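Hi everyone, thanks for making time today. Let me put the structure up on the screen, and then we can walk through it together.

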Amino acid sequence: MLEDTPMIRDLVDWAREHRTSLHQDIEIYQDPLTGLSFRAAKSLPQATKIVNCSYQITLSYLNAISASSVFQNHKSVLFPPGFINALKQEDPNIIGHFFLVQQFLMREKSFWSPYIKLLPQPNEPERLAIPNWWPEADRQFLGGTNAEPPIKKREELWRGEWSKGVALLRERFENWEEYTYPLYQWAATIFGSRSFRASLTIPDGLMEQSETPPDDRSLTLDHIKKDRFSVLLPLMDIGNHSGVNQVDWLPDAIGGHFSLSIRNTIAEGSQIFNYYGNKSNSELLVAYGFLLPNPENDKVNLKLTPSPDGMQLRRSQSCHVFHEHTQAEQEFMFHVKTSNGEAGLQELLKSFSEGFMDTMICMVASARERKFIIENPGYCIEKDAAPFGGPLSRAFIHAVSLICKKLQYEMERTEISGANLGEPKNQNQRIALGYRHNQLRVLEAVLDRAVNYLQRAISFNHLCSHNSPRSEANDKANFLSLECAFGWLQMDYRREHDAVMKLIAKDQEEPLPLNWAAVIEDWDRTYWIVWILLLWMLWLRNPDEFQAGYLNDLWRWQSDWYSDFQAEKGKPGSQLTGTLYASASEEATIDDTIQGITQLPGLGFDQGPLQRFDFRTEITNYISYLVKEETVLLPYTMQHPPQKGAQTPQLMLYISLNSSRYSSRNNF
């Protein structure tokens with residue numbers, strides 16, 4: 001059965017005349033939501049071929065160049081050789097678009113006239129559906145969303161393609177002035193919303209019948225392999241998309257047709273859907289003008305911009321996959337989606353598309369971490385079942401922190417851009433508003449999961465746990481706040497702590513007890529250097545105290561760092577010698593504080609190698625480098641008055657541990 005309209009009957013009759021068949025139990029009907037659609041008039045068994053489309057009626061670049069006896073131009077006026085030769089190497093798709101414009105202008109004289117008449121016409125923007133054809137008032141509802149950039153990019157791309165093509169036709173082709181931009185935009189829209197990938201549609205065997213020169217045949221086969229153009233399949237393109245792949249595409253070079261076959265039994269009266277690929281709602285909206293109601297289709301694009309060094313580092317990893325024919329700007333375009341699993345690290349990682357976290361790691365890697373990645377190209381953090389606690393723990397937490405900021409920014413940008421839109425007045429605006437709400441829902445859900453994980457990861461450490469939940473990863477990796485670090489000193493070295501606090505309070509002109517939230521606003525790096533120098537002083541005064549428990553691992557961590565630093569410093573061309581990684585004001589504060597500590601009476605700091613200026617300078621330079629490399633700006637929740645409970649961004653020190661023997665410490 002067919003929808004009783006002359007144009008549909010003409011299309012089916014024309015298709016049958018040219019060896020294209022529609023299964024006898026399939027009807028074409030007008031669905032209120034999906035438009036022209038396939039429907040089963042009777043129950044259909046699996047593997048039923050519902051459409052067999054002859055390659056003789058396909059329309060593409062191949063017809064424009066008469067690539068073979070199968071792909072003819074059907075008496076269309078040939079485009080000038082200069083036009084074809086200039087575009088066929090890199091832009092065969094442009095030739096295909098101009099060829100469709102030509103067929104539209106030919107009207108009834110076109111071989112494809114029965115097909116083109118049934119397409120949405122250039123003067124029917126509501127049928128063309130995609131946002132590029134929406135009125136400006138409707139497109140404003142997409143402002144600030146993921147859909148806005150690709151819509152603008154499409155417009156720029158199409159105008160550029162048209163300008164390139166029409167410049168080659170100008171004064172060289174009859175009626176060239178009729179090839180206007182609106183018609184080119186229409187043709188590009190038809191190809192973009194209805195065509196099939198050449199690599200999945202055109203078997204190599206069809207090109208064996210080509211009479212074109214071998215070089216041209218090789219070029220065409222390369223275009224097909226790399227999908228540099230797409231193919232329109234009349235009649236078959238009526239099938240709509242539901243997001244579920246229940247069909248098979250079956251190219252047949254010997255039979256000369258391309259078939260659409262169903263995988264499962266279809267009940268009588270059911271619509272039969274094609275499958276456009278695993279596309280998000282962003283892709284569906286931009287390319288086809290509709291959304292699917294499935295939450296799993298809601299994804300938010302996240303574009304990363306690695307530095308040249310970060311880009312090179314990422315490309316050195318064996319898990320980095322980048323196809324040569326993929327557009328360059330897509331290499332570091334990722335997406336985020338909601339995950340239906342329980343809270344936890346693995347579910348958080350599943351929220352991001354493959355490669356996102358490893359790219360973030362390469363962007364934030366310290367010198368030590370870069371060295372590890374270069375020496376271990378097969379290690380990728382997304383493949384590690386326990387990335388926090390592994391060799392890139394610091395970079396991993398740094399990346400999670402930046403991800404939280406990026407998600408928060410995207411949420412705020414989307415909310416602000418839609419704040420004054422008002423109520424939707426038509427279907428386009430309703431679609432856009434629904435899309436906007438879904439984007440916010442995804443961002444909010446993943447942000448909440450990322451923030452919760454980050455806080456759990458950085459809240460527990462073995463110096464002062466604050467009664468926070470402990471994970472196995474915390475036995476290998478800890479993040480310390482200055483509040484915690486000096487609080488530990490207060491527990492185990494009370495006299496030393498009190499004396500040092502007086503020096504810091506005097507320098508900062510702050511009362512005791514210190515308000516660390518105020519101190520860290522400008523001086524967190526400075527006092528991390530001071531704290532680690534204090535560790536050195538304590539160790540030099542009595543190394544035996546560092547032989548067991550957490551002090552042993554703490555000292556082993558920094559002494560391993562010192563050994564690596566010394567080795568690196570000794571290499572030719574090293575930049576580490578004689579460098580203090582601090583500003584002039586920080587340097588003065590560090591010197592004054594350390595001088596003051598070494599002169600404190602009765603603490604035993606007035607003896608030893610740190611009294612020597614050259615050794616103290618060397619150790620201070622080393623520690624400043626350690627602090628630069630191993631601290632991360634993180635949103636730490638203060639544990640003590642006067643700012644208790646306030647989340648305060650500050651540098652937290654990453655410490656790699658190799659012990660699981662700790663028991664929880666009391667709060668300081």
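A definition to begin with: two strands pair if DSSP finds at least two bridges between them. Helices (H or I, at least four residues) and strands (E, at least two) are DSSP runs, numbered from the N terminus. Please keep in mind that this is a predicted model, where local features need pLDDT of at least 70, side-chain atom pairs count only at pLDDT 80 or more, and totals for chains, interfaces and linings use all residues. Residues are numbered from 1 along each chain as its sequence is written, and side-chain values use heavy atoms, with hydrogens and water left out.

Let's start with a hairpin. Strand β7, residues 247-252, runs antiparallel to strand β8, residues 257-262, and six bridges hold the pairing. V247 faces I262 of β8, and W249 has L260 as its bridge partner in β8. Which residue of the hairpin takes a positive phi? That would be G256, with phi near 75 degrees, in a hairpin that has four residues between the strands.

β7 and β8 belong to an open sheet of four strands, with antiparallel pairing and the order β1-β4-β8-β7. Its edge strands are β1 (21-22) and β7, each of which pairs on one side only.

Four bridges link β12 to β14, residues 647-656, in the antiparallel sense, and N478 stands opposite I655 of β14. As a reminder, in a regular strand the side chains alternate between the two faces of the sheet.

What packs on this sheet? By contact I mean heavy atoms within 4.5 Å.

A nonpolar core is a set of buried Ala, Val, Leu, Ile, Met, Phe, Trp, Tyr and Cys residues joined through side-chain atoms within 4.5 Å. Buried means under 20% relative accessible area, exposed over 50%, and partly exposed in between, using a 1.4 Å probe and protein chains only. The largest such core has 110 residues, and those with the most contacts inside it are F396, I397, F486, W516, W531 and W536. Helix α21 provides the largest share, 16 residues. Take W531 as an example: leaving aside residues up to four places away in sequence, it touches L463, L480, A485, F486, W488, L554 and L653. Apart from this core lies another, of 78 residues, with V12, L36, V51 and I272 among them.

A disulfide is a pair of cysteine sulfur atoms within 2.5 Å, and the structure holds one. Which cysteines does it join? C319 and C380, with an S to S distance of 1.8 Å. The torsion about their S-S bond is about -90 degrees, so the disulfide is left-handed. C319 sits in the loop between α13 and β11 (333-337) and C380 in the loop between α16 and α17, so the bond ties together parts that are 61 residues apart in sequence. C319 is buried at 17% relative accessible area, and C380 is buried at 2%.

To finish, a look at a loop. P543 is found between α21 and α22 (549-569), and at 31% relative accessibility P543 counts as partly exposed. Thanks, and I'm happy to take questions.
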